[in-house]
Every structure is written in C-alpha cells, then in structure tokens.
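Please look through the sequence and the structure shown here before reading the report that follows.

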Amino acid sequence: MAFNPSPEVAVAREAAKKLKAKAAIVIYVSEDGEKIGMASYGQDAKTCRAAAELGDWLYESARQHVVRSRRAGDERI
C-alpha cells in the first residue's frame, strides 16, 4: 500500500493514531460550505480498502443529507 501524502488522508491517519484505531474515516464540509469531502485511512491494504468502501457510503449519505437540508433552507452545514 503506497503512502498517500494528501492533507485529507493525513487527518484520517492522525485520527486513527490518536484513537488507536486500525481505520478512520473523516467526512468534512469546507469553511464556505461549498464542498463536502471524505478521507479514509487503514493500517494495511485490506483495512484501507474496507475503510474506503465504508467512507464512500458514508460520504454519499452525508452529501444527500446536506443537499436536503439546504433545499429546506438550513445552511448550518
């Protein structure tokens, strides 16, 4: 498994270390509220793939929630 230097993955990697977790998934919304994103980390290739798959599902669920909330006039996130 290759090292991913992206800042988003660095946050997930650091969260996993601090939580003593074998995987971490981060869902984030940019400061201006225009971007929602996901980053995942797993301690080995197998765990990394599983975290990425779960992260994709969580991202889509979060994105749908944000879209529905904004349509209803809620701009908190």
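## Order of the elements

From the N terminus on, the elements of the chain run α-β-β-α, and its secondary structure comes to 2 helices and 2 strands. Helices (H or I, at least four residues) and strands (E, at least two) are DSSP runs, numbered from the N terminus. This is a predicted model, in which local features need pLDDT of at least 70 and side-chain atom pairs count only at pLDDT 80 or more, while totals for chains, interfaces and linings use all residues. Residues are numbered from 1 along each chain as its sequence is written, and side-chain values use heavy atoms, with hydrogens and water left out.

Along its principal axes, the C-alpha trace of the chain spans about 40 × 20 × 20 Å. Of the 77 residues in the chain, 26% are buried, where buried means under 20% relative accessible area, exposed means over 50%, and partly exposed lies in between (1.4 Å probe, protein chains only). Among the contacts in the chain with a separation of 6 or more, 42% are between residues 24 or more positions apart, a contact being heavy atoms within 4.5 Å.

Helix α1 has 13 residues, and from its first C-alpha to its last it reaches 18 Å, close to the 18 Å expected at 1.5 Å a residue; the expected span is 1.5 Å times one less than the number of residues. The buried residues of α1 are Val9, Ala12, Arg13 and Ala16. These residues lie on the same side of α1, because they cover an arc of only 100 degrees around the axis, the arc being that of the directions from the helix axis to the C-beta atoms.

What covers the buried residues of α1 includes β1 and β2, whereas the face of α1 turned away from its buried side carries the exposed residues Pro7, Lys18 and Leu19.

## The loop after α1

Lys20 follows α1 and has its place in the loop between α1 and β1. The phi of Lys20 is near 55 degrees, a positive value in a residue other than glycine. Most residues other than glycine have a negative phi. With a relative accessible area of 77%, Lys20 is exposed.

## The strand pair

Strands β1 and β2 pair in the antiparallel sense over 7 bridges, two strands being paired if DSSP finds at least two bridges between them. One of these pairings joins Val29 to Ile36, its bridge partner in β2. The hairpin of β1 and β2 has 6 residues between the strands, and in this hairpin Gly33 takes a positive phi near 75 degrees. Strand β2 is mostly covered, with 6 of its 7 residues buried.

## The nonpolar core

The largest nonpolar core has 6 residues in all, namely Ala12, Ala16, Ala24, Val26, Ala39 and Tyr41. A nonpolar core is here a set of buried Ala, Val, Leu, Ile, Met, Phe, Trp, Tyr and Cys residues joined through side-chain atoms within 4.5 Å. At least two residues of this core are supplied by each of α1 (7-19), β1 (23-29) and β2 (36-42).

Thr47 lies in helix α2, which takes in residues 45-71. At 14% relative accessibility, Thr47 counts as buried, and, not counting residues up to four places away in sequence, Thr47 touches Lys22, Ala23 and Gly42.

A salt bridge is a side-chain nitrogen of Lys or Arg within 4 Å of a carboxyl oxygen of Asp or Glu, and by this rule the count comes to 2 salt bridges. In one of them, the side chains of Arg63 and Glu60 meet at 2.6 Å, N to O; both residues lie in helix α2, 3 residues apart, about one turn of the helix. Arg63 is partly exposed, with a relative accessible area of 30%, and Glu60 also counts as partly exposed, at 29% relative accessibility.

Asp74 and Arg76 have side chains that meet in a salt bridge too, at 2.8 Å, N to O. Asp74 is partly exposed, with a relative accessible area of 22%, whereas Arg76, at 74% relative accessibility, counts as exposed.
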